[in-house]
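Thank you all for making the time this morning.

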Amino acid sequence: MQLFSIFGDPVSHSRSPLMHNSVFKNLNFNACYTRTHLLDGNKLKETFFALGLSGANVTVPHKEAAFNACDEVRGFAKKVGVVNTLIEENGKLIGYNTDADGFMYAISEFKNIKNILVLGAGGTAKALVSRFLEDDLKVTVLNRSATRLEYFQKLHCECYSWDTFKIKEYDLVVNTTSAGLKDNNLPASEELIEQILEHTHYAADAIYGKLTPFLKMAQDKNIIFKDGSDMLLGQGVLANALFVNNRLSKEDIKREMQKSFTL
Ligand code: NDP
């Protein structure tokens, strides 16, 4: 039996085990997917091999550590330096990123998106911003601390920390911070978020399975919004296709994975 896991801190909230096990069980793939609470990202590689895993997903806050842990990084992950999917291949650790395409899948129903404000400057923000720029979208980044903005300045994004922010009009605002994940924080001050939501058509949160304080404010303002569930589904389908080495079709994976969302 092949073993898979998700690494994160926190990780108990993760729906990934349900999603992947639903595919493995219903499509008779001899594998099991668990969760691993990992405090120290530097221990990722040794833990992966000690557990005898064939593959894994990586969530907050270890996606950049996962990039560094890999023997080889492929595709979009190489460009952004952020890895959310790991595969064991001939004793080597291979890294991929399926988050960005998962998010594009999630917002495909939002129309005329040309101008996006991204809240946060962590691993998810890096992946999404690079993907948005590939589609020639205009991107502004707003983060709590200025230090992490350098990466986005190099990509020629408009960049602000909370104290320098100047409001403009946006088609979509995306919360990629972990504010609201295990607390009730907003991604910036209430005044700032209030102002931002008054200047956007759509709002999205990478956090899934709960109405974050950010989405609650969007809801109160009658803004069309979505949480991170579709992004989760999109990245999960692409990760699972890598886990099974394309022996199952993406359509079948998606159908079985979707079933786990109603459990
Ligand atoms: P990182 O740790 O790499 O980055 C976290 C970011 O959040 C930083 O920009 C940090 O700002 C900011 N931040 C943290 N706490 C606060 C706060 N209280 N107020 C304002 N900003 C804050 O995390 P990831 O990019 O890996 O993940 C971010 C979120 O996205 C998580 O909640 C994760 O669960 C979710 N996610 C969901 C996915 C899905 O499939 N739906 C896929 C991937 C991620 P600073 O630089 O100032 O510290």
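Let me begin with a term: a residue is called buried when its relative accessible area is under 20%, exposed when that area is over 50%, and partly exposed in between, with a 1.4 Å probe and protein chains only. What you see is a predicted model, in which local features need pLDDT of at least 70 and side-chain atom pairs count only at pLDDT 80 or more, while totals for chains, interfaces and linings use all residues. Residues are numbered from 1 along each chain as its sequence is written, and side-chain values use heavy atoms, with hydrogens and water left out. Helices (H or I, at least four residues) and strands (E, at least two) are DSSP runs, numbered from the N terminus.

With that in place, which residues of helix 1 are buried? They are Ser 16, Pro 17, Met 19, His 20, Ser 22, Val 23 and Phe 24, and their cover includes strand 1, strand 2, strand 3, helix 10 and helix 11, where contact means heavy atoms within 4.5 Å. Helix 1 lies across strand 1, strand 2 and strand 3, and runs at about 170° to strand 2; such angles run from 0 to 180 degrees between N-to-C directions, with axes as lines fitted to C-alpha atoms, for helices over the stretch in contact. Just after helix 1 comes Asn 28, with a positive phi of about 55°.

Those strands belong to an open sheet of six, ordered 2-1-3-5-6-4, in which the pairing is mixed; two strands pair if DSSP finds at least two bridges between them. Strand 2 and strand 4 are the edge strands, each pairing on one side only. Strand 5 and strand 6 run antiparallel and are joined by five bridges, and within this part Glu 88 stands opposite Leu 93 of strand 6. Helix 10 packs on the sheet as well, touching strand 1, strand 2, strand 3, strand 5 and strand 6, and its direction makes about 5° with that of strand 5.

Strand 7 pairs with strand 8 in the parallel sense over five bridges, and Asn 115 has Lys 138 as its bridge partner in strand 8. Strand 10 and strand 11 are also parallel and joined by five bridges, with Val 173 standing opposite Ala 203 of strand 11.

Next comes the nonpolar core, meaning a set of buried Ala, Val, Leu, Ile, Met, Phe, Trp, Tyr and Cys residues joined through side-chain atoms within 4.5 Å. The largest one has 31 residues, and those with the most contacts inside it are Phe 103, Ile 116, Phe 132, Val 141, Phe 152 and Leu 172. Helix 6 gives the most to this core, with five residues. Leaving aside residues up to four places away in sequence, Phe 103 touches Leu 128, Phe 132, Val 174, Ala 204 and Met 231. A second, separate core of 23 residues includes Phe 24, Tyr 96, Leu 233 and Ile 253.

Finally, some backbone details. A cis peptide bond joins Asp 9 and Pro 10, with omega about 5°, and Pro 10 lies in the loop between strand 1 and helix 1. The bond from Val 60 to Pro 61 is cis too, with omega near 0°, and Pro 61 sits in the loop between strand 3 and helix 3. Asp 136, in the loop between helix 6 and strand 8, has a positive phi near 60°, and its relative accessibility of 72% makes it exposed.
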